[in-house]
Amino acid sequence: MEDNFQSAYQEEEDRLNHALIEIDSTLERLRSTPVYTGHEYTEQVLEDSREQKRKDLAKLRQEPYFGRLDFQGNDEEERKALYIGKIGVDREQVSDRPLVIDWRAPVASLFYSFTGGTEAASYEAPEGLIEGLVYLKRNVVIRKQILERVADTYNRDSDAPAVSDEFLVYRLGENKDNRLRDIVSTIQEEQDKIIRAAKNTALIIQGVAGSGKTTVALHRLAFLLYQYKDQVSAEKMIIFAPNRMFLDYISDVLPELGVGNIAQSTFPDWAAGVLGVTLPEQDASETMNRWFETAGAMPVITEETPGRFKGSTVLMSVIESSIKLLETSAVPEGDFSPWDGAVLRRSMILRWHNEEYAPYPPAKRKERVMARIHRWIEMELKKSPSAAALKDRKKKGAAREKAYSAKWPKYEPLAIYKQIFRAAKTPEDWPAEAPEEIPQAVLKETVKELKKGILREEDLPPLLYIHYLLNGNEGTERFDHIVIDEAQDFSPFQIAVLDLYVKGHSFTILGDLSQGIHAYKGVHEWNEMQSLFAGEYTAYHALTRSYRSTMEIIEFANGILSAGVGSALLAVPVFRSGNPVRLISYEDAQPEPATGGSQRLSAVRSALSSLSGREYRTVAVLTRSLREAAELYAELAGQFEDIHLIDGSITEYRGGLSVLPVYLSKGLEFDAVILADADSAHYGGAAWDAKLMYVGCTRALHELWLLHDGGLPHYVQLLGDETVSGWPVPEGN
Ligand SMILES: Nc1ncnc2c1ncn2[C@@H]1O[C@H](COP(=O)(O)OP(=O)(O)OP(=O)(O)O)[C@@H](O)[C@H]1O
């Protein structure tokens, strides 16, 4: 075995040295080719491709590839060793096998989809299905041109021809820094299917915590840009994520994959841009803080909860019919007369409005009709008998034209939204009552808030929809692809509106219903979103393996889900074992006795000292509410270095020690997590509380400690080997 390993290592080292020599000589030749600066188009294109290659090779020199796949197609005479890297590089002779194959190339899919066994494997190539045998799947770790590791995850000639998880487990065991990273060397089969799925489909992905949803979505964008180069461009893709700090956290992955310029935004920021309005900061919204503040504070959620109703397609239909009503009665009553003696019949104006300009959306239609009226006035003016009459008519005409225009409905989204809820004066020919589909409670609350000028996140999809119905999507280019992360917090209405701004329903929608802590506005079942699309335009995938946390943490978190939520969406761990989850009561005797402050504070301090003293790069203290996080941070700040409070306004994730409320930790991960206040006084018995605790626990990669006052919620269960109680015995005892 040792000998095999030595020879494999030697073989790869030789291959690496050859590859580096080849890369260097190509690079040198390209660098010595004079840069073309002339105006000849073909030469410019050639220069662009040379420049791209210079850049690719310079990047590739450090880490040319990460994998090797030995494959022999049924039609081929011998097996080939294919080296797979982040960037593909062809050899000088096009007929030669590429030096490095891009991980997104069709043949590279075998590296990910092959699951072992002796049977033939196949992949889809442009020329059709290619079948053959895989002989070897090998991971190589190269850092700064040095071969650090060689691991065979499959070898047809060995006794156990199954793909092993060993290399994956090694990768998962590493400590993480403060950024999400690419996973090209260890993409798993279930993830690969999503990454390579066809473009014009609304993909809906339910993935357990830590199943790689965010990571997969980013790799999928890189794949789409490669596979559909002529149809999509990075500038026309967008990622929606829950907050600006999260966007910062994921911001390194795409550049690592060689992809730039993809827009990243939160939904409110993007919506505000389209609507041309400025919104107040959403995150610290009073509702959220009120609900997250204490156990059991969450009201019962029904279809009449404002967030749920405003996110429903019922409101969408109400808006549609309201705008139709407005449109049919848009042309003011009576003929138009710019001055006495000149009359433009209403029937003519109606003809322009209802027939000639019918294809335009209402606001544009009004613009066209008014422009036509203006031209008519100018023609009429030419008939003026004298200069004095002309002057007088011009003045009168302008005033009456303005007055006539003012009689049209006000085609402005907020004004119409207010009118639909009857929070503003409605046109005379609208029914006096608000549409009966709007529940009374929603009506009352919305009217109150709109009158005070308060706009909430859930008001944005209706406003955008009104904007779209009035103006079309003129001025806003349609996206080639939209990614929605944490999609369980999105509403069907949001997706339906976004569908108006994307070509071919090209969506990647990812989320986890078990993490639906914003259920007062988000979806409760994926079908609410899937049913928006015709069957052939949508597909559903489930990711069930969790890659983030150790087995102990996953089993523990699964316990919370099944006992607290009754959910069947449990995570399957990768076999990576770590320390047991630790449950520590404030009363437990501490390794270092308290030095002032409450027992609780002293327990948090001890836990933090103990965990930050280990080799972990990121440690988080999670509280139930923002207020508690701020208070704890104030107590801890003087004692610990590199400690940060994360509140809703933070835009940059700095790593180190973080103190934050659980609901803001969604999507992030930390080497170690301390859940402060993991007791029933903070986490009540409701499913929602259990979900919140589940989110907190699943942020941990290697270590999870729960501190409590002795009263644990019913869903926190002491499992056999996966949990221990009390403080760890100090080293040396
Ligand atoms: N195939 C893989 N190989 C190595 N690491 C992986 C793989 N898939 C996921 N990971 C790692 O697992 C962790 C979780 O990934 P990610 O944050 O994308 O998951 P998620 O499903 O979005 O999680 P959550 O819903 O809990 O926020 C990351 O550290 C990621 O690098």
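Which of the 24 residues around the ligand come nearest? They are Thr186, Ala209, Gly212, Lys213 and Thr215, where a residue is near a molecule if its C-beta atom, placed from the backbone, lies within 6 Å of it. Two elements, α4 (166-172) and α6 (213-227), each give two or more residues to this shell. By class, the shell has six nonpolar, 11 polar and seven charged residues; Ala, Val, Leu, Ile, Met, Phe, Trp, Tyr, Cys and Pro count as nonpolar, Asp, Glu, Lys and Arg as charged, and the others, Gly among them, as polar.

This is a predicted model, in which local features need pLDDT of at least 70, side-chain atom pairs count only at pLDDT 80 or more, and totals for chains, interfaces and linings use all residues. Residues are numbered from 1 along each chain as its sequence is written.

Now the chain as a whole. Its C-alpha trace spans about 110 × 75 × 45 Å along the principal axes. There are 24 helices and 21 strands in the chain, taken as DSSP runs (helices H or I, at least four residues; strands E, at least two) and numbered from the N terminus. An automatic or database assignment sets the domain bounds: domain 1 (2-164), domain 2 (330-406) and domain 3 (551-725). Between the C-alpha centres of domain 1 and domain 3 the distance is 43 Å.

Gly535 counts as exposed because it has 8 C-beta neighbours inside 10 Å; the cut-offs are 12 or fewer other C-beta atoms within 10 Å for exposed, 20 or more for buried, and partly exposed in between, with C-beta atoms placed from the backbone. Buried residues make up 40% of the 733 in the chain.
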